[in-house]
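Please look through the following structure with the text below as a guide.

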Amino acid sequence: MSGFFGIRLSRHLKKMMKYMRYVFNDHFILVCVFLLGGLGFYYSQVLKTLPRNFVWGRPIVVVFWLVVLQIGRIATLAAEADKVFILPKEPEMNAYLNRALRYSFWLPLVALFLLGGMSMPLVVVSTGWAFSTFLYFIVMLGILKSSHLRLQKYELYQISERAYGQWFVLWLVTSLLAIVLSLYVLPVVGPLVALGQAVFFYSILNKKEQAVSLDWENMIRKEKNRMHRIYQFIHLFTDVPEISSSVKRRKFLDPLLSKIKKTSQNTYLYLYARSFLRGSEYSGLFIRLVLVAGVILFFLKEFWISMGVSVLFVYLIGFQLIPIYTQFDYMVMTHLYPVSDKQKKQAVSTLITVLLFVAALLFSVFVLIALPDLKESLMVIGALLVEVFLFAKFYVPYRLKKMEA
């Protein structure tokens with residue numbers, strides 16, 4: 001069964017790699033560079049203002065590390081048909097799940113290494129210890145995460161929610177104890193406590209699992225939920241067949257559609273606007289990007305970083321909305337409309353202009369709140385308005401022409 005998991009893992013990774021080329025494109029990498037650079041600069045400036053032996057530093061790190069330990073779920077790669085075709089192999093499923101456990105450990109470990117390293121300057125300021133103590137902390141966090149994944153494996157068996165809750169509380173308390181001792185006593189104490197926790201969890205849970213059967217329905221449901229979260233993230237960058245967009249009535253938005261005159265010149269404008277307001281694909285994308293950018297801009301106090309983030313997100317929103325142009329290409333009736341393609345392009349350009357203007361307006365509100373200098377805020381707002389005009393006037397027609405080529 002361990003080899004069977006290897007076959008599934010190979011197919012899974014091959015599928016994910018096809019999507020990753022759309023996710024890690026130039027635009028996403030550029031946004032990450034700006035965001036990480038801005039957050040790093042802001043973080044360094046805050047650290048400079050903190051006094052040595054900052055009292056609240058250690059409690060903040062304790063809470064942060066406990067939250068970071070929640071990253072990562074066991075990837076069983078279970079399928080709906082397993083409860084029928086793999087059921088006879090249940091006595092051998094332990095080897096399958098152990099292989100899944102080992103695979104699921106590496107991605108959270110990378111996240112722990114990066115986020116733990118990011119928190120180290122605060123640890124140094126709060127404790128006065130050297131950066132070399134990071135080795136003890138990352139070993140501790142890695143062992144604690146291993147126990148957390150082991151507990152997730154135990155949850156896949158036929159146990160009560162109360163039993164799992166008791167074990168989770170025990171893991172949380174012992175993890176808290178390990179982190180607190182490592183930060184308040186000696187860094188080397190944390191890995192020792194974490195190792196004791198891991199030995200206890202692995203030995204006891206192995207015995208308990210031998211007395212119960214797998215909960216196939218629960219395992220399949222959890223894997224579906226895990227993959228759905230991954231597909232939702234990928235869906236921000238490209239279409240994902242595994243996620244079907246839903247359509248809702250949203251009657252309260254009808255007044256917005258009534259603003260469009262019912263004339264033949266506005267045929268496609270009405271269709272695109274109706275599709276955007278009632279569909280979840282593009283409207284959800286628009287709302288998510290606006291919210292993410294709004295939260296970031298709200299906490300940025302630097303003029304150039306706010307300028308870069310706001311301009312980048314307006315571009316990203318517009319870039320992601322352009323594929324709406326092909327929304328009705330599959331409908332035969334639209335090809336019979338006595339409407340020229342020029343009007344179709346104009347409708348897309350108009351819709352994107354309005355939506356980018358709304359986004360720019362919302363970003364302007366956040367910038368006015370966050371930036372201390374009104375003159376700098378007005379400069380960001382002016383840059384956004386210019387960008388919306390240039391994007392709609394030149395870039396959208398260029399992209400549409402390229403899509404038809």
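This is a predicted model: local features need pLDDT of at least 70, side-chain atom pairs count only at pLDDT 80 or more; totals for chains, interfaces and linings use all residues.

**A walk through the chain**

Residues are numbered from 1 along each chain as its sequence is written, and side-chain values use heavy atoms, with hydrogens and water left out.

Taken along the principal axes, the C-alpha atoms fill a box of roughly 75 × 60 × 40 Å. The chain has 405 residues, of which 43% count as buried. Buried stands for under 20% relative accessible area, exposed for over 50%, and partly exposed for what lies in between, with a 1.4 Å probe and protein chains only. The accessible surface of the chain comes to about 22300 Å², and 69% of that surface belongs to carbon and sulfur atoms; the areas come from the Shrake-Rupley method with a 1.4 Å probe, and for residues only the protein chains shown count as cover. Of the contacts (heavy atoms within 4.5 Å) between residues at least 6 apart in sequence, 84% join residues at least 24 apart.

Buried residues of H12 include Tyr 282, Phe 286, Leu 289 and Gly 294. What covers the buried residues of H12 includes helix H11 (267-278), helix H13 (303-321) and helix H14 (341-370).

Among the 47 residues of the largest one, Tyr 272, Phe 276, Phe 286, Ile 317, Leu 321, Ile 352 and Phe 363 touch the most other members. H11, H12, H13, H14 and H15 are the elements that give two or more residues to this core, and H14 gives the largest share, 10 residues. Leaving out residues up to four places away in sequence, Leu 321 touches Phe 276, Tyr 282, Phe 286, Ile 352 and Leu 355. Another core lies apart from this one; it has 33 residues, among them Val 62, Leu 66, Phe 134 and Trp 167.

Next come the aromatic rings. Rings of Phe, Tyr and Trp (its six-membered ring) pair if their centres lie within 6.5 Å; planes under 30 degrees apart count as stacked, over 60 as edge-to-face and the rest as tilted. By this rule the count is 20 aromatic pairs. One of them, Trp 65 with Phe 137, is tilted, with 5.2 Å centre to centre and 50° between the planes. Trp 65 lies in helix H3 (residues 57-68) and Phe 137 in helix H6 (residues 134-155), so the pair ties together parts that are 72 residues apart in sequence. Both Trp 65 and Phe 137 are buried.

The rings of Tyr 395 and Tyr 398 have centres 6.3 Å apart and planes at 45°, so this pair is tilted. Both residues lie in helix H15 (residues 374-404), 3 residues apart, about one turn of the helix. Tyr 395 counts as partly exposed at 21% relative accessibility, and Tyr 398 counts as partly exposed at 49%. Together with Tyr 315, Phe 319 and Phe 391, Tyr 395 and Tyr 398 form one aromatic cluster.

Charges also sit over rings, which requires NZ of Lys or CZ of Arg within 6 Å of the ring centre and within 35 degrees of the ring normal. The charged end of Arg 150 sits over the ring of Tyr 202, 5.7 Å from its centre, and that of Lys 344 over the ring of Tyr 325, 4.6 Å from its centre.

Two loops remain. Most residues other than glycine have a negative phi. Leu 77, although not a glycine, has a positive phi of about 55°. Leu 77 is found in the loop between H3 and helix H4 (82-85) and counts as buried at 10% relative accessibility. In the loop between H13 and H14 lies Pro 323, which is partly exposed with a relative accessible area of 32%. Apart from neighbours within four places in sequence, Pro 323 is in contact with Tyr 282 and Met 403.

Technical notes: Helices (H or I, at least four residues) and strands (E, at least two) are DSSP runs, numbered from the N terminus. A nonpolar core is a set of buried Ala, Val, Leu, Ile, Met, Phe, Trp, Tyr and Cys residues joined through side-chain atoms within 4.5 Å.
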